[in-house]
Amino acid sequence: MLTLTCEDFLARISEFMDGDLDGAWRQAVSDHARDCPRCAVILDTTQRTIRLAGDAQLFALPAEVAERLHARLAAALAAPAPAATTAAPPAPAPVEASAELGPASLMAPPPLPRRRGWLEGWNWPLAWALVGAVLIIFGGVSWWQQARIRTLQGWLIDAHCAARYIAAGDMPVSHPRWCLLQPACVASGYGVMTAQGRFWRFNRVGSIRALLMLRASNRKMNLRITVRGQERGPILYVRSLRWARAKGLISVRLRAPAPAPRLRQAAYMTASAP
Amino acid sequence: MSRESAVPVGAPAGDDGDNALVAAIRAGERGRFQELVARHQRAVYRTALAILRSPEDAEDITQETFLRALEHLDQFRGEARFSTWLTQICVNTSRMALRKRHPELWTSLDEPVTTDDGALPREAVEWREDPEQAYSRQEQEELLLNALAGLHPSYREVVVLRDIRQLSTEETAQALGLTVANVKTRLLRARLQLRDRLAARLHAAADARDLASSAPASPKDDRPC
């Protein structure tokens with residue numbers, strides 16, 4: 001005679017309820033349920049669960065849902081036969097549908113929908129094309145920007161006074177530093193005037209760098225500079241700025257403006273006007 | 001190929017006239033598809049509702065299932081019962097909808113199911129009241145749907161087809177593309193889990209009801225302790 005543990009009993013409870021157990025096992029399960037109150041409760045409540053689930057009264061199809069279903073199908077049926085396939089708006093893509101319902105797979109195990117890995121759904125050719133396009137655009141933009149970078153030599157001068165020199169066809173060789181530090185000149189911004197008589201105005205940051213460089217310097221005139229920057233229309237976006245004869249770049253950020261030139265600047269200001 | 005040779009061993013004995021209807025529809029009487037629908041609409045709706053839990057989703061799935069059945073009716077070769085074929089479409093459509101609309105309820109069927117093998121069910125307490133008597137039909141549906149929603153989708157499908165739809169184990173296996181042994185294993189776990197979840201809800205509901213009935217009848221009696 002078979003004697004079951006509670007685990008053995010639970011492992012067979014489902015088949016027992018379905019009547020799938022043969023004689024000896026069936027008897028053993030019944031015997032265990034009789035002797036073990038805990039398992040008897042589990043058997044009873046599981047049977048009641050299944051009875052509840054199988055209650056034909058539950059999950060009834062509401063009449064209005066049935067009406068809508070028939071109306072929708074009537075519309076699909078009214079369409080000509082080939083159009084019926086296209087008349088089903090929520091129907092999934094035909095490829096997917098035929099893969100599931102195709103003759104070859106009919107009644108074969110339905111394909112289990114799987115959660116796809118994050119790389120699985122990628123359209124690789126498109127992804128590579130996009131990467132290529134981004135690289136080409138990036139390369140093109142940086143080449144174009146590089147092509148607009150120019151190095152210029154000339155005189156540092158403010159935009160306010162540059163107009164006068166250009167009008168006179170003169171070079172600002174003797175244009176004094178003190179003039180460049182006048183409020184109106186500072187406010188107008190700086191630029192470089194080349195020997196060809198063309199004035200390149202600096203961008204705002206470039207002008208500030210030029211002002212700092214001027215303040216830190218004790219040159220009085222012939223303020224020749226070498227400037228490297230990017231040309232954007234009439235504005236030169238300054239990348240490096242140094243005095244033409246100085247060795248190497250002047251690090252205008254690191255050098256604090258000296259107080260002495262300011263005193264002299266005040267003396268100049270009273271001496272004459274630009 | 002003769003009709004007999006197309007029917008494998010163990011395939012449907014009684015199709016209740018479904019195959020004749022399908023043949024008529026294929027022969028051109030497309031209007032009779034509605035008859036076929038009327039026969040199976042309830043079963044399809046029941047399946048979709050039990051899997052998806054929401055009546056709106058179940059309605060969509062029911063419509064979609066029949067539209068797809070109509071579209072692919074040529075591919076039904078009578079190797080299984082029409083109802084099984086329809087169930088297969090319904091389950092696949094529901095799975096897709098579940099994955100799309102309720103990813104939180106969706107767990108990959110590829111993932112190994114964590115089971116409580118060997119562990120006894122948590123509660124072995126007699127139910128104080130029979131849900132069939134104590135609750136309205138709507139409440140029973142709600143209890144059952146909530147309990148079902150907590151099951152792993154692969155368990156839910158098995159218990160829905162086997163116990164709610166009351167298909168045979170073989171038909172359930174056919175509709176889900178599983179072996180009979182696999183269905184039995186899943187069914188055992190599904191039933192025990194469903195029982196656990198239902199028991200927990202029933203006890204909670206009964207406790208709430210007790211509390212409500214033991215509460216003071218009028219606010220005047222409700223003195224602070």
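**Ground rules.** I number residues from 1 along each chain as its sequence is written, and chains are lettered from A and ligands numbered from 1 in the order in which they are written. In this predicted model, local features need pLDDT of at least 70 and side-chain atom pairs count only at pLDDT 80 or more, while totals for chains, interfaces and linings use all residues.

**Entry 1: confidence.** I looked up the scores for the complex: ipTM is 0.80 and pTM is 0.55. Then I turned to pLDDT, the predictor's confidence in each residue, from 0 to 100. Chain B averages 78, and 78% of its residues score at least 70. Residues 1-13 of chain B fall below 50, with twelve contacts beyond near neighbours in sequence. Residues 108-120 of chain B are also below 50, with 13 such contacts. A contact here is two residues whose C-beta atoms, placed from the backbone, lie within 7 Å.

**Entry 2: chain A overall.** I found twelve helices and five strands in chain A. These are DSSP runs, numbered from the N terminus: helices are H or I with at least four residues, strands are E with at least two. Of the 274 residues, 25% are buried (20 or more other C-beta atoms within 10 Å of the residue's own, with C-beta atoms placed from the backbone). I also checked contacts between residues at least 6 apart in sequence: 60% join residues at least 24 apart.

**Entry 3: the barrel.** In what order do the five strands close into a barrel? I read 1-2-3-5-4, with mixed pairing. The twist averages 55° from one strand to the next. Strands pair if DSSP finds at least two bridges between them.

**Entry 4: pair by pair.** Strand 1 (residues 149-158) and strand 2 (residues 190-194) of chain A are antiparallel, with five bridges. There I saw Gly154(A) opposite Thr194(A). Strands 2 and 3 of chain A are antiparallel too, joined by three bridges. Met193(A) has Phe199(A) as its bridge partner. Four residues lie between these strands in the hairpin, where Gly197(A) takes a positive phi near 90°. Strands 3 and 5 of chain A run parallel over two bridges. Phe202(A) partners Leu236(A) in strand 5.

**Entry 5: helices on the strands.** Helix 8 (residues 159-168) of chain A lies across strands 1, 2 and 3, at about 90° to strand 1. Helix 11 (residues 204-216) of chain A packs on the sheet and touches strands 1, 2, 3, 4 and 5. Its direction makes about 20° with strand 5. For these angles, axes are lines fitted to C-alpha atoms, for helices over the stretch in contact, and values run from 0 to 180 degrees between N-to-C directions.

Technical notes. Buried ≥ 20, exposed ≤ 12 C-beta atoms within 10 Å, placed from the backbone.
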